[in-house]
Amino acid sequence: MAVTLTLTAVACGDDEAPNPNPPREQTETSTSGLSTGFKEVCATCHGEEGRGKGRYPSIPGNKDESAFIAIVRSGRGDMPATDASRISDAELRSDYAWLTTKRR
Ligand code: HEC
């Protein structure tokens with residue numbers, strides 16, 4: 001019984017040990033924070049940081065992540081559909097995160 005308690009205590013201690021060096025957020029993006037796909041496809045109309053210009057709206061607007069990706073895949077009005085060979089879902093998720101949390 002005493003042995004079991006000791007082992008349990010050790011296991012709990014390991015689980016709760018704080019990591020002194022948490023890994024940095026890893027994203028496949030260049031210095032501005034947006035993906036290569038974004039720069040090649042989206043920036044032409046929506047601008048380098050997606051702020052929009054002229055008749056092109058600032059993005060992501062009020063869209064959530066899945067709506068954002070859906071609009072890219074199906075296109076909308078004068079915006080052409082863009083498939084995964086030009087910008088991947090992973091890039092879109094990363095770009096969405098940057099547009100909603102990092103751009104100011
Ligand atoms: C040829 C120009 C063009 C390109 C390239 C383009 N867009 Fe658009 N985008 C538009 C236009 C125009 C609209 C407005 C469509 C409408 O509602 O009629 C729009 C709308 C959007 C919206 C909806 C905004 C809102 O608030 O309703 C999102 C999100 C969006 N674009 C994201 C992207 C992303 C991400 C890319 C790159 C994969 C991209 N767009 C590429 C022209 C473009």
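This is a predicted model: local features need pLDDT of at least 70, side-chain atom pairs count only at pLDDT 80 or more; totals for chains, interfaces and linings use all residues.
Among what covers the buried residues of α2 is α4 (89-101).

### Overall layout

The chain contains four helices and zero strands, and its elements, read along the sequence, follow the pattern α-α-α-α. Of its 104 residues, 15% count as buried. Among contacts in the chain with a separation of 6 or more, 55% are accounted for by residues 24 or more positions apart.

The buried residues of α2 are Gly 37, Phe 38, Cys 42 and His 46. Because these residues cover an arc of only 70 degrees around the axis, they lie on the same side of α2. An α-helix has 3.6 residues a turn, so residues three or four places apart point the same way. On the face turned away from the buried side of α2 are the exposed residues Thr 36, Glu 40 and Thr 44. Following α2 comes Gly 47, which has a positive phi, near 95 degrees.

Phe 38, which lies in helix α2, counts as buried because 26 other C-beta atoms lie within 10 Å, where the cut-off for a buried residue is 20 or more. Leaving aside residues up to four places away in sequence, Phe 38 touches Ala 43, Ile 87, Glu 91 and Asp 95.

Helix α4 has 13 residues and reaches 18 Å from its first C-alpha to its last, which is close to the 18 Å expected at 1.5 Å a residue. Its buried residues are Glu 91, Leu 92, Ser 94, Asp 95, Tyr 96 and Leu 99, and the buried residues of α4 pack against α2 and α3. One of them, Tyr 96, touches Pro 60, Glu 65 and Phe 68 when residues up to four places away in sequence are not counted.

In soluble globular proteins, nonpolar side chains tend to be buried together. In this model the largest nonpolar core has nine residues in all, namely Leu 34, Phe 38, Cys 42, Ile 59, Val 72, Ile 87, Leu 92, Tyr 96 and Leu 99. Both α2 and α4 supply at least two residues of this core, and the largest share, three residues, comes from α4.

### The shell around the ligand

There are 21 residues around the ligand, of which Cys 42, Cys 45, Gly 61, Gly 77 and Met 79 come nearest. The helices α2 (36-46) and α3 (65-74) each supply at least two residues of this shell, and its largest share, five residues, is drawn from α2. By residue class, the shell divides into 13 nonpolar, five polar and three charged residues.

Pro 60 has its place in the loop between α2 and α3, and the peptide bond from Ile 59 to Pro 60 is cis, with omega near 10 degrees. Most residues other than glycine have a negative phi, and most peptide bonds are trans.

Arg 51 also lies in the loop between α2 and α3; it is partly exposed, because 13 other C-beta atoms lie within 10 Å. Thr 100, by contrast in location, is found in helix α4, and Thr 100 is likewise partly exposed, with 14 other C-beta atoms within 10 Å.

| Pair | Spacing in sequence | C-alpha to C-alpha |
|---|---|---|
| Arg 51 and Leu 99 | 48 residues | 9.1 Å |
| Thr 100 and Ile 59 | 41 residues | 9.0 Å |
| Phe 38 and Gly 50 | 12 residues | 8.9 Å |

Terms used. Residues are numbered from 1 along each chain as its sequence is written. A residue is near a molecule or strand if its C-beta atom, placed from the backbone, lies within 6 Å of it. Ala, Val, Leu, Ile, Met, Phe, Trp, Tyr, Cys and Pro count as nonpolar, Asp, Glu, Lys and Arg as charged, and the others, Gly among them, as polar. A residue is buried if 20 or more other C-beta atoms lie within 10 Å of its own, exposed if 12 or fewer, and partly exposed in between; C-beta atoms are placed from the backbone. The arc is that of the directions from the helix axis to the C-beta atoms. Two residues are in contact if their C-beta atoms, placed from the backbone, lie within 7 Å. A nonpolar core is a set of buried Ala, Val, Leu, Ile, Met, Phe, Trp, Tyr and Cys residues joined through C-beta atoms within 7 Å. The expected span of a helix is 1.5 Å times one less than its number of residues.
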